[in-house]
Amino acid sequence: NRMISDVYQQQLTELEKAVGAGMGSDEQEAKFGLSSENLEAIGTFLTQFGKFLSKTGQNLACIKIMKQLVDVQEKLPKKTLELSSASYKVANQCWKIGYHNEALEFAFKSMQVAEGLLGHDSIQVADACQLLSLIYFGLNNLPEAEKFMLMALKLREQLQGREHAQVAEVLLHLGAIALRKGNSDDAREYQLRANRLMGARSRRMTKSKHDDESK
């Protein structure tokens, strides 16, 4: 795995050096298979590199590469969902290792781009709201954590249905927020709602399996 990572990094480093030395785009294309002027190709390369780094747990390296991807996406003539996705991935990786303030910047960017392209009522905005809540929870800013998780709950119930698994996940997060706020009754209610939802899903899945086996 480390060898594959080194190959990606070596190609990227050599390309950057070639650009710095004034190598033209045609020569870059011939030598590396892509050029710094072909932003779509660079974006694809960085996306694949970032996926590999994420899968192998190389969080700091992944953050660096995904930030480069965000920079590339921002240079494109029109904003796309790829910019929202790349920003989300930076924020998520930063949140995982406790870089909460840095994570906030990119989570907001992800949400704003998604809202601009899809409107407020979208799964992408729900994802960003949920991540923003987790980041604020990490910062112990409980009012903001609760606000964004409630936004995520409303969107997920509206778009995915009240019995979706991710609704249960959001309810559990709301329970954790309530518990940290000292609202044990609210925490218990969120936990019960999540448990009932997951129990109902489990029963439906079991019934569906039995029905299939009886055919």
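Visitor: In which helix is Glu157 found?

Guide: Glu157 is found in helix α8. Keep in mind that this is a predicted model.

Visitor: Is Glu157 buried or exposed?

Guide: Buried means under 20% relative accessible area. Glu157 has 18% relative accessibility, so Glu157 counts as buried.

Visitor: How far is Glu157 from Ala168, C-alpha to C-alpha?

Guide: Their C-alpha atoms are separated by 10.0 Å. Along the chain, the two residues are eleven residues apart.

Visitor: Which residues in α8 are buried?

Guide: Leu142, Ala145, Phe148, Met149 and Ala152 are among them. Leu153, Leu155, Arg156 and Glu157 are buried too.

Visitor: Why does Phe148 count as buried?

Guide: Apply the cut-off of under 20% again. Phe148 counts as buried because its relative accessibility is 5%. Phe148 also lies in helix α8. Its C-alpha is 8.9 Å from that of Tyr136, a residue twelve residues away in sequence.

Visitor: Where does Gln158 lie, and is it buried or partly exposed?

Guide: Gln158 lies in helix α8. Gln158 counts as partly exposed because its relative accessibility is 46%.

Visitor: Which side chain does Gln158 join in a polar contact?

Guide: Its partner is the side chain of Asp121, with a polar contact of 3.2 Å. For a C-alpha distance, take Ile123. Gln158 and Ile123 are 9.9 Å apart in space and 35 residues apart in sequence.

Visitor: What caps the N-terminal end of α8?

Guide: Asn141 does. A side-chain oxygen of Asn141 lies 3.3 Å from the backbone nitrogen of Glu144.

Visitor: What is the phi of Asn140?

Guide: First, the general rule. Most residues other than glycine have a negative phi. Now the case here. Asn140 has a positive phi, near 60 degrees, and is not a glycine. Asn140 sits in the loop between α7 and α8.

Visitor: Which residue just after α8 takes a positive phi?

Guide: Gly161 does, at about 100 degrees.

Visitor: What follows α9?

Guide: Gly182 follows α9, with a positive phi near 90 degrees. Helix α9 itself covers residues 165–180 and has 16 residues. The helix reaches 23 Å from first C-alpha to last, close to the expected 22 Å.

Visitor: Which residues of α9 are buried?

Guide: Val167, Ala168, Val170 and Leu171 are among them.

Visitor: Where is Glu189, and is it buried or partly exposed?

Guide: Glu189 is in helix α10. With a relative accessible area of 39%, Glu189 is partly exposed. The C-alpha atoms of Glu189 and Ser84 are separated by 34 Å. These two residues are 105 residues apart along the chain.

Visitor: What contact does the side chain of Gln93 make?

Guide: A polar contact of 3.1 Å with the side chain of Ser54. Gln93 is found in helix α5, residues 81–96. Gln93 counts as buried because its relative accessibility is 4%.

Visitor: What is the volume of the largest pocket?

Guide: The general idea comes first. Rolling a probe the size of a water molecule over the atoms shows where empty space is left. Here, the largest pocket has a volume of about 250 Å³.

Visitor: Which residues line the largest pocket?

Guide: The lining includes Leu12, Leu15, Glu16, Val19, Ser36 and Leu39. Ile42, Leu46, Gln68, Asp71, Val72 and Lys75 also line the pocket. By type, the lining divides into seven nonpolar, two polar and three charged residues.

Note on methods: Residues numbered from 1 in each chain as written. Predicted model: local features only at pLDDT ≥ 70, side-chain atom pairs only at ≥ 80, totals over all residues. Heavy atoms only, no water. Buried < 20%, exposed > 50% of the residue type's maximum accessible area, 1.4 Å probe, protein only. Helix = DSSP H or I, 4+ residues; strand = E, 2+ residues; numbered from the N terminus. Polar contact = N/O pair within 3.5 Å; in protein donor to acceptor, adjacent residues only side chain to side chain. 1 Å grid on protein atoms, 1.4 Å probe; cavity = no way out; pocket = protein on both sides within 12 Å on 5 of 7 lines; lining within 4 Å. Points joined across faces, edges and corners; volume = space filled by probe spheres on them. Nonpolar A, V, L, I, M, F, W, Y, C, P; charged D, E, K, R; others polar. Expected span 1.5 Å × (residues − 1).
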